[in-house]
Amino acid sequence: MADIRVTLKDGNISVDSYKVQASVSGGHKVTWKSRDAEFHIEFKPGSDWPNPATSKDGDVWKAEAGPFRQHGRTLSYAVKAAGHKTLDPDIEILP
């Protein structure tokens, strides 16, 4: 399981892991969390993966995707938040 911290500051979005790996056989999920503000994860067209819902638990915004079904590919996605420049990291799906 990969946990990614999302930081929203001064109109920019950053993540502590720009490219993460998730294992199909391990049933890995990817979780994004931020204490700064609401954000959204949107997979790029052609990824055939649904965009995860963002929820708030206390003072933490969270989105989660997985477990993944198809290895040997990279999923490109965008991290978006109102008033911030979109960020485009990747998830590498492993066996």
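Predicted model: local features only at pLDDT ≥ 70, side-chain atom pairs only at ≥ 80, totals over all residues.
Two strands count as paired here if DSSP finds at least two bridges between them.

**The open sheet**

In β8, the residue bridged to I41 is V79. That link belongs to the pairing of β5 with β8, which is antiparallel and runs over four bridges. Step back and you get an open sheet of four strands, ordered β3-β9-β8-β5, with mixed pairing. The edges are taken by β3 and β5; each has a single partner strand, so one side of each lacks a neighbour in the sheet. Going from one strand to the next, the twist averages 30 degrees.

**The β1–β2 hairpin**

Next up are β1 and β2, which form a hairpin with two residues between them. D10 sits in the turn and has a positive phi of about 55 degrees. The two strands run antiparallel and are joined by four bridges, and V6 has V15 as its bridge partner in β2. As for faces, I13 and V15 lie on the covered side of β2, while N12 and S14 lie on the uncovered one.

| Strand pair | Bridges | A bridged residue pair |
|---|---|---|
| β1 and β2 | four | V6 and V15 |
| β5 and β8 | four | I41 and V79 |

**The nonpolar core**

Which residues have the most contacts inside the largest nonpolar core? They are V30, W32, F39, F43, F68, V79 and I91, in a core of 25 residues. At least two core residues come from each of β1, β2, β3, β4, β5, β7, β8 and β9. The top contributor is β1, with four residues. As a general background point, nonpolar side chains tend to be buried together in soluble globular proteins.

Leaving out residues up to four places away in sequence, F68 touches A22, V24, H28, V30, W49, L75, I91 and I93. Two of those, V30 and I91, are also on the list of core residues with the most contacts.

**A serine in a loop**

Finally, have a look at S47, in the loop between β5 and β6. Is S47 buried or exposed? Its relative accessibility is 8%, so S47 counts as buried, the cut-off being under 20%. Again setting aside residues up to four places away in sequence, S47 touches R73 and L75. L75 turns up among the contacts of F68 too.

Technical notes
Residues numbered from 1 in each chain as written. Heavy atoms only, no water. Core = buried A, V, L, I, M, F, W, Y, C linked by side-chain atoms within 4.5 Å. Buried < 20%, exposed > 50% of the residue type's maximum accessible area, 1.4 Å probe, protein only. Contact = heavy atoms within 4.5 Å. Axes fitted to C-alpha atoms, helices over the stretch in contact; angles between N-to-C directions.
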